[in-house]
Amino acid sequence: MKVLIYEDETYENFYPLTYLRASWELRCGAFSLRQRIEHLFPAEQVGLWARDILVPVLRRRYPDKPVNDLKALEGDDLLLVNGRALLTGPMDVDGVLKSGEELVCALIPKEKVSGCSGLEDLLETAESLPSEQRDIKVARYLWDLISENPKFIELDFKFFGPKVLGKLHPSVVVYGPEDKVYIGEGAEIHPYVVIDTRNGPVIVDRGTEVHPFTRIEGPSYIGPNCTLLGAKIREGCSFGPVCRIGGEVEESIVQGYSNKYHDGFLGHAYVGEWVNLGALTTNSDLKNDYSTVQVYLKGKLVDTGELKVGSFIGDHTKTSIGTLLNTGTTIGIMCNIVGVGALPPKYVPPFSLFVNGKITKGLGFKALLETARTSMSRRKIELSTEEEHLLRAIYEATKEERREAVKKYR
Amino acid sequence: MSQSVAERVKEVVARQLRVPIEQVTEEARFVEDLGAESIQSLELVAAFEEEFDIEMDEEEALQVKTVGGAIEYISRKLQEEGR
């Protein structure tokens, strides 16, 4: 059996986080959605499928996997897995599984695979097969990933297990069951750190350093090569690789390679890669009247139905010191938010610069690209030509909404 | 009689950068002579767009270093649009 993890047409529901990545690259628990599917369905070959604009970037990112290449997956039965499916454990699939109207996965017999030319054909084939209903959550919005995150960290703990492979200073306090701690190889927990496992496991992945006076509440996942600087990590946080985190963070996901070095509160937020949150940047995640939070999605305000929703911050965005973000704020990719003196609007289009209460077009694409190159090179990573082309295409595609925002908020 | 482009540009510059209008000569450089910080330069571009109801390319606009350069750039833009 071969496996194909696919992204469907709902990717815009996950903007701004999916401008530069497929929806199956988003995180929930200790893994990305793709990684969890691969853990649960070990197969000799796993293929990936996403919208066309991402294909060059994804082919470079996953050189050993066929991307949007069905030919490479012929000759065997194919398990088609919805990349948004939040699967809780391994399953035997011999037909089509659905959760309500959403396809979760479908086993397509090999003779039917060879007759398909793309994802659309595969989905049509799946629709023609008898299906079975299963109670499996399929993420529809970013806030679904945030609300499911604590549960998935608990579930993912079994892939790590209670182990201390790195250094744990004798003064570190594990407050709660000690068998709910994983400290990866090369990780170092400095003196006077509290790991609170009373409500769930704490996973500190390889190479991560946790500085003194940090408190980590479980369930939480701290990815590889991160640095926590006297941080207060409340329950339900997941940080991807190479993040530097300080201040207070609660029930938030950071994709990776981002800095929130200083004090300031981040709650119920999803932050992309290469983001820098200036000192004291703080988001609200609860309205003063305790009503449900509304967010902008495809130009319209949508009620999330959730009482707590923080901010969604796109890749390469930077905020100034003292930036305050309203409940349910969405900031596009490559924005520059000088949030001193005024709250930015609840939706800031990609590549915008917000300053003195106004949205401006900013310094232009070249300058933004230069900043991205600089911040990535600090972590010894190069911005690829494919990524540059993708950024340019999104810059062009979002010109009109930026123009509108500049007019509205100048 | 309506104001010339040059007069309007100078008024916008004086207002945005909070400098006396007599300092806003055509030779005056935004950064060195009028003290425009990077953020003020962006606001100046936005203010020109609003005053003249034109669309300025941000990279091109930020290449303009003097008040005279801005007058020339905006006049050309208006001419292109047949105004």
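In what order do the strands of the open sheet of six strands in chain A run? The order is β4-β1-β5-β7-β6-β8, and the pairing is mixed. Out at the edges stand β4 (46-49) and β8 (131-133) of chain A, each with a single partner strand, so one side of each is left without a neighbour in the sheet. From one strand to the next, the twist averages 20°. Bear in mind as you look around that this is a predicted model.

Let's start with β5 of chain A, residues 78-82. Is this strand mostly covered or mostly open? Mostly covered: four of its five residues are buried. On one side, β5(A) pairs with strand β1 (residues 2-6) of chain A in the parallel sense, over five bridges.

Helix α4 (residues 119-128) of chain A lies across β1, β4, β5, β6 (96-99) and β7 of chain A. Relative to β7(A), helix α4(A) runs at about 90°.

Next, zoom out to the whole of chain A, which is divided into domain 1 (2-140) and domain 2 (143-409). The centres of these two domains, taken over C-alpha atoms, are separated by 26 Å. Where the domains touch, domain 1 of chain A puts in 22 residues and domain 2 of chain A puts in 34. On the domain 1 side, the elements that give two or more residues are β2 (27-28) and α2 (55-61) of chain A. Which of them gives the largest share? That is α2(A), with three residues. Sorted by class, the domain 1 side of this contact has 13 nonpolar, four polar and five charged residues.

Chain A also touches chain B. This contact takes 13 residues from chain A and nine residues from chain B. Within the chain A side, β36 (353-355) and β37 (358-360) of chain A each supply at least two residues. By class, the chain A side holds five nonpolar, four polar and four charged residues.

Helix α8 (residues 399-409) of chain A is worth a stop here. Its residues R402(A), A405(A) and V406(A) are buried. Seen down the axis of α8(A), the buried residues fall within an arc of 100°, so they line one face of the helix. Turn to the other side of α8(A) and you find E400(A), K407(A) and K408(A), which are exposed. What do the buried residues of α8(A) pack against? They pack against β37 of chain A together with α2 (38-52) of chain B.

Most residues other than glycine have a negative phi, and most peptide bonds are trans. Against that background, the peptide bond from Y15(A) to P16(A) is cis, with omega near 5°. P16(A) is found in the loop between β1 and β2 of chain A. Another cis bond links G218(A) to P219(A), with omega near -5°, and P219(A) sits in the loop between β17 (215-217) and β18 (220-222) of chain A.

V242(A) has a phi of about 55°, and its place is in the loop between β20 (237-239) and β21 (244-250) of chain A. Because V242(A) has 19 C-beta neighbours inside 10 Å, V242(A) counts as partly exposed; a buried residue would need 20 or more. K380(A) has a positive phi near 60° and lies in the loop between α6 (365-377) and α7 (385-397) of chain A. With 6 C-beta neighbours inside 10 Å, K380(A) counts as exposed.

Notes
Residues are numbered from 1 along each chain as its sequence is written. Chains are lettered from A and ligands numbered from 1 in the order in which they are written. This is a predicted model: local features need pLDDT of at least 70, side-chain atom pairs count only at pLDDT 80 or more; totals for chains, interfaces and linings use all residues. A residue is buried if 20 or more other C-beta atoms lie within 10 Å of its own, exposed if 12 or fewer, and partly exposed in between; C-beta atoms are placed from the backbone. Two strands pair if DSSP finds at least two bridges between them. Two residues are in contact if their C-beta atoms, placed from the backbone, lie within 7 Å. Ala, Val, Leu, Ile, Met, Phe, Trp, Tyr, Cys and Pro count as nonpolar, Asp, Glu, Lys and Arg as charged, and the others, Gly among them, as polar. The arc is that of the directions from the helix axis to the C-beta atoms. Domain bounds come from an automatic or database domain assignment. Axes are lines fitted to C-alpha atoms, for helices over the stretch in contact, and angles run from 0 to 180 degrees between N-to-C directions.
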